[in-house]
Amino acid sequence: MLDQSIQDLLSRSLKRIEAAQSPAELEAVRVDALGRKGALAAFSKEMGKLPPDERKRIGMVLNQAKQSLESSYESRERAFAADALSARLDAEWLDLTLPAPGPRRGHLHPITRIQRELEDLFGSLGFTVLDGPEVETEYYNFDALNIPATHPARDMQDTFWLDGGRLLRTHTSPVQVRGMERLGPPLRMIAPGRVFRNESVDASHEHTFYQLEGMMVDRNVSVGNLIYFMKTLLTAIFHRDVTVRLRPGYFPFVEPGFELDIQCLICGGPGCPVCKQSGWVELLPCGLVHPNVLRTSGIDPAVWGGFAFGLGLTRLVMMRYGIDDIRQLQGGDLRFLEQF
Amino acid sequence: MKFSYNWIREFVPGLTQAALPLERLITMKTAECEGIEETGRALAGASVAAVLSVSPLPDTHNVKAVVDLGELGLRTVVCGAPNCRGGMLSVWLPVGRKMIHGVDSDGMLASGDELGVSRDHSGILELTGGEPGAAIAGLLPDSIIEIDNKSITHRPDLWGHHGMAREVAAILALPLTDPVKMDLLPAGDAAIKVRIEDLTLCPRYSALVFDNVKVEPSPLWLQYRLTAIGLNPINNIVDMTNFVMAELSQPMHAFDADLLSGDTIVVRTARPGEAFRGLNGEEYTLDPANVVIADEKGAIALGGVIGGFDSAISGRTTRVVLESANFLASSIRKTSAAIKLRTDASMRFEKAQDPANTLRGLARAIELLRQICPGARLVGGVADHKREIPAPPPIELPLPWLAAKLGRELPSDEVRRILESLAFGVAEASPGVFRVTVPSWRATKDISLPDDLVEEVGRMIGYDTITPTAPLVPAAVPPGNPTRRFHHRVRDIVIDQGFTEAYNYSFISEEAAAAFGFSPESHLRVTNAIASDQTLMRRSLLPGIWRNVVENAKHQESFRLFEIGMEIRPRAEGLPDEIPHLVAALYDRHGDGASGLFEMKRVAECLMPGAVTAPADALSWEHPARAATIEWRGKTVARLFELHPNLVETGRAALLDVDLAVLEALSAGEARYTPIRRYPSSAFDLSVIAPLRAHAGKLQETIAASAGPLLESVEFQRQYSGPPLADGTKSVSFRVTIAAPDHTLSNDEIAAARAGIIDRMRGLGFELRV
Ligand SMILES: [Zn+2]
């Protein structure tokens, strides 16, 4: 008889658990059936009146019913919790297509970018990076580079003159001399920096631009070494094969002197404003360091030799990014600067 | 410098390469070519035309001409030239048929200008001879090769066609002919005396006198030669001097002998203030730095630069003094720069011409005058005053050294062939060592060292024949450049904060300097500025950034940008100080500007963790109530401010100006580890009632100073003004954190610390909300 009552309670309660629509209804079933004053507790009390054998048997029945109810209750409870969680999270719907607030990372100037790349590249080849002043003396800009005052080569570089006979460096080459004085031989150095020429500005000419001077002084440096080095360098700079040519060029601080041209990367050869319609861009004047320059810097040309080159950083940047107007580089226009 | 292909070929008869491949060879082995221009193209189809009859066309200034073209038959052409008349010989061009004024005109009669043989477009060309229907004798289409002047500054000989022809012959291993016949020079006493006062300024002056001269237009071939290379035909005498210059690189000048006074030409320095009128009609005031050619009365030419107006060749000239001289390059360069006049002569003398060349010029002139001024007669011998110029010492050229310099082995006979083709003398001094003598025209400046010969050999063998070889040097870590690395790090920090890098010119205008409180005198000034707004060297980056702000505000609602560059600060002597600065700007068209300033302050704190912002009196370009300095590690490193609203049309711009030299010095040093505290800290909040314009930073400092040894930090929490606080006051809340290194603070200790702060603050006159 008690068996039957337990079975009835069990099936009734399981149905109620199944039918519960809310955590409150479920809780009501739990209180009714499993609570301290619930039905199972009442059966348990009644059971005490039974003989021991019967009591033991009913006890097992009762226990089974309890476990069955508890497990059903717990799974229903978990279902309610899961529903509640998903309802809450659904309410937290967020439109991630909205823009993120706050500033974006800014942009390095394209010349800074390329300059850094080259500093790293040369650093890996054992070159030190040197700086020199933008305002220079005639001595470092000209005399020490084998360009005395009477030398017609001074006309090649239209110079900005300042008060007191000072000048704006027309090339980064003065840093060669400063570098040799400071470091002595052997040495490998580069000097990227801003240089100035007094000429009017148009799409391919600027009075302010950037060069990267390079120099190596050691024993037994040959033209073959120089060519090797320039090829290695250009392959690394352009990440691709470029067509180059080496031809005589006159620079008083090198002997022999060369012009290294590369085929214009903007037009690929037919001609455009950047290459002055020639298809070639003068990229790299270079040569073996003139013995007078070594001597002036306190280095014995009978023992040491070297090569030097001057990379047109501004022109390189224009080619790398396909910039066809040099004026953009110092125009400060964010519509330009933010492209890099 | 323009070179005529046909002219070069006269000296290199074996030349078969066309102009284009020749130009490439010259570029690769001698000097940079800038391009080729075809000239006289019309000559290819031109025929000699005999004008048979001419009849006027009513109501026009044209005529109808019937011309005889020999085997080609007769043609009728309409011609507008005033000199078109029956019986003349002219040039006919087949340009097609066209109805003009009702006449069926076939082809045209051409002017010298239209043919490209002269600059004359006043009428049709008049020929002095020729067979009708035939091509015009001696005139052929030509290719003009333009060489970059910069690439031949060191080569006095390449300012003439013969010098370039020598290069071409050497490049192609062809023989070179010489147009100069020295035996034409007359012997005997000169008809004029020549005296040089300073043989350094003028190492040589040679002259010849001609009489019975008839000045007339040059023959067409000569006009064509000069026109093709950009020179203006003038008359036979002047054209001859220009021809010799263009051929031999020896500038010459012709004087009308009857307009000279006295019997002596003197080469001297100008008297102070000496007046001189040039051939170009300009008046010059000279000084002793200039060399003049003078007669008894005064200057008749500015030596090496320009002839004089008063002794110029004219239609009345019958006697000519022909000058062929040599001048000191640096002196010519100085004079030419001082009077701002560069002539074909001065351009050449600046390159250090060869004194031996003066007589070659005269010899060539004699031969040319026989052709183009047949009546002219030489009077007397050559006047020639000169300094003895010692032969340049020979250069020892060890062949193994040459090979080591080039990085390539070379057969000695190839080295010899190359040097000899360039007119060097080669002898074997000892086995494997050449003794090389330098031709006079390469010895003036160009070549004196064995290194110079490396170039001569290298360019002729072609640098593409040298195998690139890796230099073998010991591996070594290069010395670092901490300053440059530091600037890169600063850039990265600022970029991460959303700022974009701009570059500005180092030049600024006086107005821009004044806008930022600088007088023009405090700047280094450009003495030859390119524009009136670029006269000063910037001593602040602010003017440049200001311009960036104003320009970009036209396109963008808000932006952040910065520049790192040098402030140029003049010193009384020597080079100026160049101080690296960072200037960053944040612009917003909307809003009250406060958030921009605080964002900028955050940038400063990213660069200088723990920096203190100290209120400062605003400068004239700063917002009067929004300026501060940034103090870090005991130094003033930067300035933070809003740009004065007068300087921005709309919107607000927050600026930060950092002295990177100071910042770098303060940033040096490594971090040092301190052990992590083992006992927990405790915190409590305090609110101070203060006047509205009391600086929270000052309050925080005061609290910190009152907190005693347990203090770990004071942090701003919030501030409030309004009821129930009295008008004109605010409440500022701070969180105070305290700790002890050796134990956990007890409640009593915390309460005592808090009470201590409150007491001391009250003692200083502050009210606290507790
Ligand atoms: Zn191009």
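In this predicted model, A:Cys272 is buried, because its relative accessible area of 9% falls under the 20% limit. A:Cys267, by contrast, has a relative accessibility of 22% and therefore counts as partly exposed. Both residues belong to the zinc site: the protein donors of the zinc ion are the SG atoms of A:Cys264, A:Cys267, A:Cys272 and A:Cys275, lying 2.3 Å from the ion. Along the sequence, these donor residues follow the spacing C-x2-C-x4-C-x2-C. The angles subtended by the four donor atoms around the zinc ion run from 101 to 114°, and the arrangement is therefore tetrahedral. The reasoning rests on a simple limit: four donors count as tetrahedral if all angles lie between 85 and 135 degrees.

**The interface of chain B and chain A**

The size of an interface is often given as the accessible area lost when the parts come together. For chain B and chain A, the area buried between them is about 7,100 Å², with 56% of it on carbon and sulfur atoms. In terms of residues, 83 from chain B are in contact with 87 from chain A. The interface also holds 41 residue pairs in polar contact and five salt bridges. A salt bridge joins B:Arg484 to A:Asp131, with 2.4 Å between the closest N and O atoms. On the side of chain B that touches chain A, the elements giving two or more residues include helix H2 (19-29), helix H13 (450-461), helix H14 (482-496) and strand S26 (558-569) of chain B.

**A largely enclosed helix**

Helix H5 of chain B covers residues 220-228, and eight of its nine residues are buried, so the helix is largely enclosed by the rest of the structure. Among the buried residues are B:Leu220, B:Leu222, B:Tyr224 and B:Leu226, together with B:Gln223 and B:Arg225. What do the buried residues of H5(B) pack against? Their partners in chain B are strand S1 (2-4), helix H1 (5-11), strand S2 (33-39), strand S8 (142-147), H6 and H9. Just after H5(B), B:Gly230 has a positive phi of about 90°.

**Backbone features in loops**

Most residues other than glycine have a negative phi, and most peptide bonds are trans. The table lists backbone features that depart from this pattern.

| Residue or bond | Feature | Value |
|---|---|---|
| A:Pro185 and A:Pro186 | cis peptide bond | omega about -10° |
| B:Pro723 and B:Pro724 | cis peptide bond | omega about 5° |
| B:Ala352 | positive phi, not a glycine | phi near 65° |

In chain A, A:Pro186 is found in the loop between helix H7 (174-183) and strand S4 (187-196). In chain B, B:Pro724 lies in the loop that links strand S33 (711-720) with strand S34 (729-738).

The loop between helix H6 (236-248) and strand S11 (252-256) of chain B contains B:Ser249. Is B:Ser249 buried or exposed? With a relative accessible area of 0%, B:Ser249 is buried. B:Ala352 is found between helix H8 (344-349) and helix H9 (357-372) of chain B, again in a loop. The relative accessible area of B:Ala352 is 10%, which means that this residue is buried.

How values were computed:
Residues are numbered from 1 along each chain as its sequence is written. Chains are lettered from A and ligands numbered from 1 in the order in which they are written. This is a predicted model: local features need pLDDT of at least 70, side-chain atom pairs count only at pLDDT 80 or more; totals for chains, interfaces and linings use all residues. Side-chain values use heavy atoms; hydrogens and water are left out. Donors are N, O and S atoms within 2.8 Å of the metal (3.2 Å for Na, K and Ca); water is not among the atoms, so sites may look incomplete. Four donors count as tetrahedral if all angles lie between 85 and 135 degrees; four count as square planar and six as octahedral if opposite donors are over 155 degrees apart and all others between 65 and 115; anything else is irregular. Buried means under 20% relative accessible area, exposed over 50%, partly exposed in between (1.4 Å probe, protein chains only). Contact means heavy atoms within 4.5 Å. Buried area is the accessible area (1.4 Å probe) that two parts lose on being put together, summed over both. A salt bridge is a side-chain nitrogen of Lys or Arg within 4 Å of a carboxyl oxygen of Asp or Glu. A polar contact is a pair of N or O atoms within 3.5 Å; within protein, one must be able to donate a hydrogen and the other to accept it, and residues adjacent in sequence count only if both atoms are side-chain atoms. Helices (H or I, at least four residues) and strands (E, at least two) are DSSP runs, numbered from the N terminus.
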